[in-house]
Amino acid sequence: MTQAKAKFTTFEEYLSYSDEIDMEGRYELINGELAELPPESRLNSTISVRILLALVAAGIPIELVHPGKCEVQVPLLRPNDAANRFPDLVVLRQEHLDLTKRRLTITLDMPPPRLIAEVVSPGNTNRDRDYICDRDYIHKRAQYAAIAVPEYWLIDPIAQTVTVLSLEGDTYREVGVFGHDDALRAPRRQANASIALAELALNAGQLFDPQL
């Protein structure tokens, strides 16, 4: 088990420390201290892999698509915010391949990823689920907007919906909420809903049922 340092004063100090001890697992840095993240659920991991396969089929190089393992530094916007996130899926830019050779971490001085996707984890109770949805829909969304990630997906496996958000200025605009049988397209099918990944053709239901 990792013996975490008591306090980090900067993100760079955390990076140096975790590199030095070859830290295992995934940790969020909150108020200068490390909080270990639980393992991903099988459902979340499966959905992330299905997105990866769809992106690769659409021609996105596989080395740019990282489910669950890419660390993203984010700004602190409110008390007790994490300084880093591990999204369920990140699509990198070509220039990230050189920037992340040593460590798969996108820092604030790097260009933002092309796409971040988060799978909402189901809570054990309605109250748990309300808390999780609030955290995913509001807090992470604001942090990803602050680093100018152009596109953000929120995937809800219970409702079986995909919410596609596109960055406009410093906030996200909701392109659409797509249900089980919907193609990920803008209203009236005028354009592909995926702004950053316009080459992608995908039905929302394919993330939940691979037979579609």
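**A friendly note on this predicted model**

1. Residues are numbered from 1 along each chain as its sequence is written, and side-chain values use heavy atoms, with hydrogens and water left out.

2. Next, the overall make-up. The secondary structure comes to 4 helices and 11 strands; helices (H or I, at least four residues) and strands (E, at least two) are DSSP runs, numbered from the N terminus. Of the 212 residues, 48% count as buried, where buried means under 20% relative accessible area, exposed means over 50%, and partly exposed lies in between (1.4 Å probe, protein chains only). Among contacts (heavy atoms within 4.5 Å) with a separation of 6 or more, 53% are between residues 24 or more positions apart.

3. Now the sheet. In which order do the 6 strands of the open sheet lie? The order is β3-β6-β8-β9-β10-β11, and the pairing is mixed. Two strands pair if DSSP finds at least two bridges between them. Strands of a sheet pair through backbone hydrogen bonds, either parallel or antiparallel. At the edges stand β3 (65-66) and β11, each with a single partner strand, so one side of each has no neighbour in the sheet.

4. Strand β6 (residues 89-91) and strand β8 (residues 115-119) run antiparallel and are joined by 3 bridges. Val91 has Leu115 as its bridge partner in β8, and Val90 stands opposite Ile116. With β9, strand β8 pairs in the parallel sense over 4 bridges; here the bridge partner of Ile116 is Tyr152.

5. How many of the residues of β8 are buried? The count is 5 of 5, so this strand is mostly covered. Both faces take part: Leu115, Ala117 and Val119 are buried on one side, and Ile116 and Glu118 are buried on the other.

6. Helix α2 (residues 42-57) lies across β3, β6, β8 and β9, and runs at about 20° to β6. Axes are lines fitted to C-alpha atoms, for helices over the stretch in contact, and angles run from 0 to 180 degrees between N-to-C directions.

7. On to the interior. A nonpolar core is a set of buried Ala, Val, Leu, Ile, Met, Phe, Trp, Tyr and Cys residues joined through side-chain atoms within 4.5 Å. The largest such core has 43 residues, and Ile51, Trp153, Ile155 and Val162 touch the most other members. At least two residues of this core come from each of α2, β6, β8, α4 (126-146), β9, β10 and β11, and α2 supplies the largest share, 5 residues. Leaving aside neighbours within four places in sequence, Ile51 is in contact with Leu89, Ala117, Trp153, Ile155 and Leu207. Another core, of 10 residues, lies apart from the largest one and has Leu15, Tyr17, Tyr27 and Leu34 among its members.

8. Two residues deserve a visit. Leu34 is in strand β2 (residues 33-36) and is buried, at 17% relative accessibility. Leu34 and Tyr14 are 20 residues apart in sequence, and their C-alpha atoms are 9.0 Å apart. Thr161 is in strand β10 (residues 161-168) and is buried, with a relative accessible area of 18%. Beyond neighbours within four places in sequence, the contacts of Thr161 are Leu154, Ile155, Asp156, Val177, Phe178, Gly179 and Phe208.

9. Finally, the aromatic rings. Rings of Phe, Tyr and Trp (its six-membered ring) pair if their centres lie within 6.5 Å; planes under 30 degrees apart count as stacked, over 60 as edge-to-face and the rest as tilted. By this rule there are 5 aromatic pairs. One of them, Tyr144 with Tyr152, is edge-to-face, at 5.2 Å centre to centre and 75° between the planes. Why is the pair of Tyr152 and Tyr172 tilted? Their ring centres are 5.7 Å apart and their planes stand at 40°, so the pair is tilted. This pair links distant parts of the chain, with Tyr152 in strand β9 (residues 151-156) and Tyr172 in strand β11 (residues 171-178), 20 residues apart. Both Tyr152 and Tyr172 are buried, and Tyr144 is buried as well. Phe8, Phe11, Tyr14 and Tyr17 form one aromatic cluster.

Methods:
This is a predicted model: local features need pLDDT of at least 70, side-chain atom pairs count only at pLDDT 80 or more; totals for chains, interfaces and linings use all residues.
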